Amino acid sequence: MSKPNLNVLILAAGANVNEVAAGTHAYPICVTEIDGVPLLERIVTGLSGIPTDRFHYSFLSEEVRRFHLDNLVQVLTPGAKIINVQKG
């Protein structure tokens, strides 16, 4: 009997409090690049060895609209589901 594949949930619906307080928060943390690679891509790459059925991402609705995070997610993991979170 084979093991079932996992569903992966990536929580990215928050802001770094220090950056917001300093007024330097321009982009979502998940698209911040480290050595030219967005953090979100690094996370997905790090999970590539795990058998998954589907990726789910939780983002602030405002950031999905403003930064087209839905498009980024579909490039990284086609068929992924976006969970929109309202700020509040």
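The side chains of T77 and Y57 are joined by a polar contact of 2.9 Å; a polar contact is a pair of N or O atoms within 3.5 Å, where within protein one must be able to donate a hydrogen and the other to accept it, and residues adjacent in sequence count only if both atoms are side-chain atoms. This is a predicted model, in which local features need pLDDT of at least 70 and side-chain atom pairs count only at pLDDT 80 or more, while totals for chains, interfaces and linings use all residues. Residues are numbered from 1 along each chain as its sequence is written, and side-chain values use heavy atoms, with hydrogens and water left out.

T77 lies in the loop between α4 (69-76) and β5 (81-85); helices (H or I, at least four residues) and strands (E, at least two) are DSSP runs, numbered from the N terminus. With a relative accessible area of 8%, T77 is buried (under 20% relative accessible area, with a 1.4 Å probe and protein chains only). Leaving aside residues up to four places away in sequence, T77 touches V44, F55 and Y57, contact meaning heavy atoms within 4.5 Å.

Strand β4 (residues 52-60) pairs with β5 in the parallel sense over 5 bridges; two strands pair if DSSP finds at least two bridges between them. Within β5, K81 is the bridge partner of H56.

These strands belong to an open sheet of 3 strands in the order β1-β4-β5, with parallel pairing. Because β1 (6-12) and β5 stand at the edges, each with a single partner strand, one side of each is left without a neighbour in the sheet.

Conventions:
Buried < 20%, exposed > 50% of the residue type's maximum accessible area, 1.4 Å probe, protein only.
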